[in-house]
Amino acid sequence: MTHYLANHARYESIPYRRSGKSGLKLPAVSLGLWHNFGGVDRLETQRALVRCAFDHGITHFDLANNYGPPPGSAETNFGTLLRTDLAPYRDELIISSKAGYTMGPGPYGDWGSRKYLVSSLDQSLKRMGLEYVDIFYHHRPDPETPLEETMAALDHIVRSGKALYVGVSNYPADLTRRAAKILRGLGTPCLIHQPRYSMLDRWVEDGLLQALDEEGIGCIAFSPLAQGLLSDRYLGGSVPSDSRASLGVFLKPTDITPERLATLRALNDLAQGRGQTLAQMALTWVLRHQGMTSVLIGASRESQILDAVKAVNAAGLSDTEVSAIERILTKA
Ligand SMILES: NC(=O)c1ccc[n+]([C@@H]2O[C@H](COP(=O)([O-])OP(=O)(O)OC[C@H]3O[C@@H](n4cnc5c(N)ncnc54)[C@H](OP(=O)(O)O)[C@@H]3O)[C@@H](O)[C@H]2O)c1
């Protein structure tokens with residue numbers, strides 16, 4: 001391992017966008033550690049990815065209590081990289097974590113109680129060796145716990161100094177509005193929402209984006225490449241042995257149907273016509289919304305991070321290009 005000195009020109013690579021009506025700006029592309037950062041993955045590859053990202057101005061790293069496998073190991077590995085590489089740059093980093101999905105046995109390791117959220121964040125901080133995270137999310141709505149309790153837990157977490165900001169993830173529009181109102185009342189504004197959004201999953205266009213705009217909340221879109229479907233990875237019709245689909249867990253070979261391939265190939269032709277890769281155009285497309293703070297990508301290799309950096313610097317889509325994409329997607 002060589003000593004790490006960050007690229008001195010790192011802030012010249014990508015733009016930064018304000019999260020809603022807050023004081024916080026995020027890089028237009030952020031790196032998520034859901035895949036490729038677990039205990040089963042090589043630490044040296046993880047180090048190269050994190051260095052590559054930060055060297056290109058990607059200041060935001062997104063984690064969650066359960067990222068691995070095994071659950072928790074992505075935070076442990078990131079903690080190692082913080083100690084060995086990024087420690088001198090802590091004040092230049094936006095590190096997020098979450099709780100809300102299954103993490104531990106019994107009634108206190110899942111969903112949205114105050115008991116779970118507070119203890120889970122304590123464990124995340126220990127794994128990463130941090131005193132605080134920059135953003136802490138409730139990871140998914142809990143149909144049983146009163147929303148007031150979950151939001152009060154987020155407020156408490158900020159007041160206790162364990163997170164600077166809070167957000168919600170996977171909340172539908174109406175629940176987001178209610179959560180925002182409760183948080184505002186408590187004096188801890190909701191900074192950001194983290195929904196899934198890509199050309200292949202557009203649910204946020206049906207009310208959520210409007211709610212975020214009206215509430216002054218930022219938006220960071222996860223899986224903007226539909227886990228790699230919106231790239232050149234599968235265009236040949238086969239599943240590369242080193243791809244996410246080959247793992248068959250969250251993305252499966254059966255997701256790559258002939259109809260989907262036809263859509264991806266048509267989108268790819270359009271992307272090439274404007275001098276972009278399909279992955280780049282997919283990111284440019286998500287970022288076309290003014291209220292979109294950042295695209296939250298995953299990466300298995302440095303070239304994918306560099307692809308995203310190019311995408312956020314590319315010219316925006318013209319109305320004609322947006323319509324052409326629309327036609328391809330509605331045919332799908
Ligand atoms: N809040 C939530 O509930 C939630 C849920 C899911 C994810 N997230 C967050 O969102 C982050 C990103 O999710 P994601 O990994 O699904 O995002 P994604 O960007 O849609 O997919 C990333 C995968 O696509 C492939 N890829 C990326 N760039 C590429 C390129 N330029 N060319 C070809 N292939 C490319 C790689 O897969 P290969 O391995 O095939 O190379 C990479 O691992 C996660 O790490 C996590 O932080 C949040």
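**Strands, helices and their contacts**

Visitor: Which residue is the bridge partner of L31 in β4?

Guide: This is a predicted model. Strand β3 covers residues 29-32 and strand β4 covers residues 60-62; the two run parallel and are joined by two bridges. Within β4, L31 has as its bridge partner F61.

Visitor: On which strands of the sheet does α3 pack?

Guide: The direction of α3 makes about 135 degrees with that of β5. The strands that α3 touches are β5 (94-99) and β6 (133-138).

Visitor: How many strands form the closed barrel?

Guide: The barrel runs in the order β3-β4-β5-β6-β7-β8-β9-β10, with parallel pairing. Neighbouring strands of this sheet are turned against each other by 30 degrees on average, direction ignored. The number of strands in the closed barrel is eight.

Visitor: Which residue in β10 is the bridge partner of F222?

Guide: Strand β9 (residues 218-222) pairs with β10 in the parallel sense, over three bridges. The β10 partner of F222 is L296.

Visitor: Are the residues on the two faces of strand β10 buried or exposed?

Guide: In a regular strand, side chains alternate between the two faces of the sheet. In β10 (residues 294-297), S294 and L296 lie on one side, while V295 and I297 lie on the other. Both faces are covered, and these four residues are all buried.

Visitor: Are α3 and α4 roughly parallel or roughly antiparallel to each other?

Guide: Helix α3 (residues 114-128) and helix α4 (residues 147-159) pack with their axes 9 Å apart, at an angle of about 30 degrees. Angles under 35 degrees count as roughly parallel. The two helices, α3 and α4, are therefore roughly parallel.

Visitor: How many nonpolar residues has the contact of α3 with α4?

Guide: In this pair, α3 passes α4 in a right-handed crossing. The contact is made by R114, L117, V118 and L121 of α3, together with E149, A152, A153, H156 and I157 of α4. By class, two residues of this contact are charged and one is polar, while the number of nonpolar residues is six.

Visitor: Is A266 buried, exposed or partly exposed?

Guide: A266 has its place in helix α8 (residues 258-273). A residue is buried if 20 or more other C-beta atoms lie within 10 Å of its own, and exposed if 12 or fewer do. Because A266 has 17 within 10 Å, it is partly exposed.

Note on methods. Residues are numbered from 1 along each chain as its sequence is written. This is a predicted model: local features need pLDDT of at least 70, side-chain atom pairs count only at pLDDT 80 or more; totals for chains, interfaces and linings use all residues. Axes are lines fitted to C-alpha atoms, for helices over the stretch in contact, and angles run from 0 to 180 degrees between N-to-C directions. Angles under 35 degrees count as roughly parallel, over 145 as roughly antiparallel, 65 to 115 as roughly perpendicular and the rest as oblique. A crossing is left-handed if the near helix is turned anticlockwise from the far one by less than a right angle, and right-handed if clockwise. Two residues are in contact if their C-beta atoms, placed from the backbone, lie within 7 Å. Ala, Val, Leu, Ile, Met, Phe, Trp, Tyr, Cys and Pro count as nonpolar, Asp, Glu, Lys and Arg as charged, and the others, Gly among them, as polar. Two strands pair if DSSP finds at least two bridges between them.
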